[in-house]
Amino acid sequence: QSLDGHSIYTGCCTLRIDFSKLTNLTVKYNNDKSRDFTRIDLPFGDGQRTVETSLSTPFATQNTIFPSYTGPSGFAPALGFPQGAGPSVPPAPGALGPLMVTTSAAPGHVTIPGIPGNSVLLVSNLNPEAITPYGLFILFGVYGDVHRVKIMFKKRGIALVQMADAAQAQLAINYLNGQRLYGRVMHATLSKYQTIQLPREGQEDKGLTKDFSNSPLHRFKNPCSKNFQNIFPPSATLHLSNIPPSVTVDDLKNLFTSKGSTVKGFKFFQKDCKMALIQLGSVEEAVHALIELHNHDFGENQHLRVSFSKSSI
């Protein structure tokens with residue numbers, strides 16, 4: 001109540017704080033408008049998360065003073081708290097100061113700001129009959145290096161995904177929140193947890209928690225990798241690479257068809273026959289195919305690479 005009568009900004013947004021007539025507060029959804037910090041199993045609700053509110057979540061939920069941060073290698077550090085940046089507003093007591101967010105409209109270029117804070121995602125409304133830690137690792141790995149995945153033991157439709165850093169976590173939210181996966185609309189938001197704990201020795205887990213920290217399938221280990229310039233939203237057209245010379249068009253069409261995909265179009269790159277585009281029946285089909293066939297082994301240590309494409313056939 002000590003904040004009663006104080007203004008958030010000078011001369012406006014004056015707080016009025018008093019005791020409520022309610023004796024209990026019931027929260028039905030964990031989203032931008034409401035949250036129960038003691039229950040991570042609550043549904044997201046019908047609202048769609050926005051980039052702006054997603055960016056603010058770590059600061060609203062963590063009583064933490066963050067050090068200065070320049071962003072991970074390969075990601076443009078577009079978020080900062082420099083002196084004089086943003087609107088000229090006197091900070092409220094305990095505030096972090098003006099917040100400036102700049103993003104680029106150019107597709108495929110990572111300019112989502114690196115936030116000093118949480119890199120653990122809460123992913124909900126998953127299909128418990130189809131989802132696996134490996135599947136989440138492959139899908140979220142399109143937008144950053146996934147270190148750990150945990151599917152809840154008693155709530156198989158909810159999972160935690162730990163990315164390499166906060167910038168990659170935010171990128172995954174921006175591209176995957178609201179995406180259909182195995183017949184359900186997936187929700188991705190920042191978790192209140194800072195890390196995923198691995199199960200203790202002898203603790204029952206049924207393989208629902210996996211550590212991928214040292215996986216060779218990380219796309220962004222090399223700061224000079226071209227993968228940083230080729231990050232796109234989920235699309236019905238997939239980019240295939242590392243295709244052996246012996247593999248034909250029919251071989252690839254049959255491979256995708258065997259995983260339940262409907263192949264609408266296919267073409268090899270004229271200048272590089274190790275790469276191709278394949279267009280499937282829907283974005284959801286393409287998401288499933290990417291999970292199933294990224295790193296597919298053609299034999300002789302040759303593995304298919306699959307990613308979303310900005311192009312169409």
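Visitor: How many residues of helix α3 are buried?
Guide: Helix α3, residues 166–176, is mostly covered, with 9 of its 11 residues buried. Buried means under 20% relative accessible area, with a 1.4 Å probe and protein chains only. Helices here are DSSP runs of H or I with at least four residues, strands are runs of E with at least two, and both are numbered from the N terminus. This is a predicted model, where local features need pLDDT of at least 70, side-chain atom pairs count only at pLDDT 80 or more, and totals for chains, interfaces and linings use all residues. Residues are numbered from 1 along each chain as its sequence is written, and side-chain values use heavy atoms, with hydrogens and water left out.

Visitor: Which residue caps the N-terminal end of α3?
Guide: Asp165 does, through a side-chain oxygen 3.1 Å from the backbone nitrogen of Ala167. Ala167 is also among the buried residues of α3, as are Leu171 and Leu176.

Visitor: And what comes just after α3?
Guide: Gly178, which takes a positive phi of about 90°.

Visitor: Switching topic. Which residues touch the most other members of the largest nonpolar core?
Guide: Leu121, Phe140 and Leu238, out of 53 residues in that core. Helix α5, residues 283–293, gives the largest share, 6 residues. The core draws at least three residues from each of domain 1 (120–211) and domain 2 (232–308), with bounds from an automatic or database domain assignment. A nonpolar core is a set of buried Ala, Val, Leu, Ile, Met, Phe, Trp, Tyr and Cys residues joined through side-chain atoms within 4.5 Å.

Visitor: Where does His294 lie?
Guide: His294 is in the loop between α5 and β15 (297–299). His294 has a relative accessible area of 6%, so it counts as buried. Its side chain reaches the backbone nitrogen of Val306 at 3.0 Å.

Visitor: Is Pro245 buried or exposed?
Guide: Exposed, because its relative accessible area is 77% and the cut-off for exposed is over 50%. Pro245 sits in the loop between β12 and α4 (249–257). Pro245 and Lys274 are 29 residues apart in sequence, while their C-alpha atoms are 7.0 Å apart in space.

Visitor: Which element gives the largest share of the lining of the largest pocket?
Guide: Strand β17, with 4 residues. By class, the lining has 11 nonpolar, 9 polar and 4 charged residues. Nonpolar covers Ala, Val, Leu, Ile, Met, Phe, Trp, Tyr, Cys and Pro, charged covers Asp, Glu, Lys and Arg, and the others, Gly among them, are polar.

How values were computed
Polar contact = N/O pair within 3.5 Å; in protein donor to acceptor, adjacent residues only side chain to side chain.
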